[in-house]
Amino acid sequence: MLSRNVVYGLLAEFDTADELVHAARQARQDGWRKMDCYTPYPVEEAAEAIGFHRNMVPLVTLLGGITGGALMFWLETWISVQAYPLNIGGRPLFSWPAFIVPAYELTILIAGLSAAFGMLALNGFPTLYHPLFNAPNFRDGATTDKFFLCLEAKDPKFSREETKAYLESFKPVSVVEVEN
Amino acid sequence: MDTNGLKNNPTIDPSTGEYNVIAADQSFRSVTEKITHIVLTPQTPSGWFALFGLAGTGATILVVALTWLFLKGVGIWGVTQPGAWGFAIINFVWWIGIGHAGTLISAILLLFKQRWRNSISRFAEAMTIFAVVCAGMFPVLHLGRPWLGYWLFPYPNSMTIWPQFRSPLMWDVCAVSTYATISTVFWYIGMVPDLGTMRDRAESKAAKYFYGILSLGWRGSARHWMRYETASLLLAGLATPLVLSVHTVISFDFAVAVLPGWHTTIFPPYFVAGAIYSGFAMVLTLAIPLRKFYHLEDLVTERHIDNMGKVMLATGFIVAYGYGMEVFMAWYSASHTEAFMMWNRMFGPMGWSYWVLVTCNLAIPLTTLWSRKLRTSISFMFCLSIVVNAGMWFERFVIVVTSLYRDFLPSSWGTYRATSWDYMTFGGTLGLFTLLFLLFIRFLPMIPMSEIRLLLPGTRIKPHNIASGTTAEEAGD
């Protein structure tokens, strides 16, 4: 069990997204669960390959939008009817059509902020340190032009030698050990 | 048209007959190096410093003008009765209209899967934010007591008063502040993966820290990308109705009033189209010198200039319809104040401004933009973008001033004369805008690298290559 404290995982580098997705899909089929792909641009197939199909961002956005719109509409109604009633040319105090515009804007505001910050929170950002940044080839490639598959030490199937040999069967450019 | 010439042109894709979105010989690394180098190079081009000095002078003039404004009050401007809105509102509408093209490019064209937008979306969004900064200043300064501007927001206060939400001016506060916030968030979120690239390519310690903190620890995980893509799509979907609503609400500031020349239902669509028209003109004004100065012709190609010309042609015609409808309604309404307003707008003491607007917004662009040759002539498009920017400023001048200075009662007629403080404030915001833009192109990646990568060959996954049981080599990639 020592290795799990020292090693974060094994990182295989590929030149193309096709090779990465192929390897990730095979690893998933072979029972790997604790793994992730790292790509310089969004590769939908990579997420599918590691079994990540749904995310919570739409739900968070929906809840944010509903909350923003409802709260603003309630605030306008409360202000105009209760807190500070003004008679503007005899119009009803609860003049709801006029309240729609600010409620609409606040729906968008809170939904948009929920989408952005919800995404960041679900991704666990900010995380300025991550073990992968220790890998010598990761920082040069992962955000530029290389494709990485990381099989993590947390997975029960993980063993330093066997996993390394397993990853090498996909003919990657390199397989390196990532220190924790 | 000379089709043979087009066929042999290497910048044209033979299968579609369209200009290539980006030049053919680019790779992931070459694109990344090209874009990051502009920012990470220790040598700042001397031209940048020259422009920075010029823009800085403009921004300093703005500071001087605003200081005097705070000391003396809005009386230093030309605003008075009956022309109570003047330059402040003209500039507000003009600037915020310019911003709209950025959101259109980054959100609406994203939803329509117009992938050519990728190279220009980042700096168009930056343009939006800086334009909104300039725009947002004016209504607050125009308040008279700008330091009490926060009274516009509903907050519990010891005076126990609350804003009046039936007023379009309150709608405006909600719309513009939401627009500024969402544009900034959308811009920053869109930049996070690129900031990760900047962090990984930075040489100096300061740059590593700066981009490291801004990138929040981005590492391109597949899970992160999926949430990121979902959030981007949702933000685009939210920004689209938002951008349409912002200029609609601004047009309500006018249209809800009973003043002849303002009280018309054509205003919302006509304002939105005008905003996009002037915004694309400003994108061209910025993009054309930028691509030349930083040698980005491979990334911002003739295709972009051509497409933006087409968008301007389309929105220009919507604007023309708006002008036509205003004239038609002045006659068809059978209201003599409306008819007089239109006559006065065209032939009154300030009639020249109407003809400047017709020349700059209709006569010149709508006759020339049909020609593909002119649309891809870089110097022509640059001059045209300046002409349209000026024309759209005059459109707002015409709407604000020629409607206000002669309304129903001849006894309340007056005139409008801008003071040198008005001109200094307007010129100063041009300086501030340029200054912010120069800082942006020096310190942040101005072209979205992660999106440009999607335009390169080989990014599409081939299903047979990833099927389990075969390797890429066996499948014959």
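Predicted model: local features only at pLDDT ≥ 70, side-chain atom pairs only at ≥ 80, totals over all residues.

**Entry 1: one residue, two partners.** I started at Glu13(A), whose bridge partner in β3(A) is Phe148(A). I then checked the β4(A) side, where Glu13(A) stands opposite Ser174(A).

Entry 2: I looked up the pairing of β1(A), residues 7–14, with β3(A), residues 147–152: antiparallel, over 6 bridges. Is β1(A) mostly covered or mostly open? Covered: I find 7 of its 8 residues buried.

Entry 3: Stepping back, I get an open sheet of 4 strands in chain A, in the order β2-β3-β1-β4, with antiparallel pairing. Which strands sit at the edges? They are β2 (35–38) and β4 (174–179) of chain A, each pairing on one side only. Ignoring direction, I have neighbouring strands turned by 20 degrees against each other on average. Next I looked for a helix on the sheet and found α2 of chain A, residues 17–29, which packs there and touches β1, β2 and β3 of chain A. Its direction makes about 20 degrees with that of β3(A).

**Entry 4: where the chains meet.** I moved on to the contact between the chains, which brings 58 residues of chain B together with 66 residues of chain A. On the chain B side, I listed the elements giving two or more residues: α2 (28–40), α6 (168–201), α7 (205–214), α8 (222–255), α17 (449–453) and α18 (463–466). Which of them gives the most? That is α8(B), with 17 residues. Sorted by class, this side of chain B comes out at 29 nonpolar, 19 polar and 10 charged residues.

Entry 5: For the complex, the predictor gives an ipTM of 0.93 and a pTM of 0.90. For chain B I noted a mean pLDDT of 88, with 93% of its residues at 70 or more. Residues 1–7 of chain B fall below 50, and beyond near neighbours in sequence I see 3 contacts for that stretch in the model. Residues 470–477 of chain B are also below 50, but there the model has 13 contacts beyond near neighbours in sequence.

Terms used: Residues numbered from 1 in each chain as written. Chains lettered and ligands numbered in written order. Contact = placed C-beta atoms within 7 Å. Nonpolar A, V, L, I, M, F, W, Y, C, P; charged D, E, K, R; others polar. Pairing = 2+ DSSP bridges. Axes fitted to C-alpha atoms, helices over the stretch in contact; angles between N-to-C directions. Buried ≥ 20, exposed ≤ 12 C-beta atoms within 10 Å, placed from the backbone. pLDDT = per-residue confidence, 0-100.
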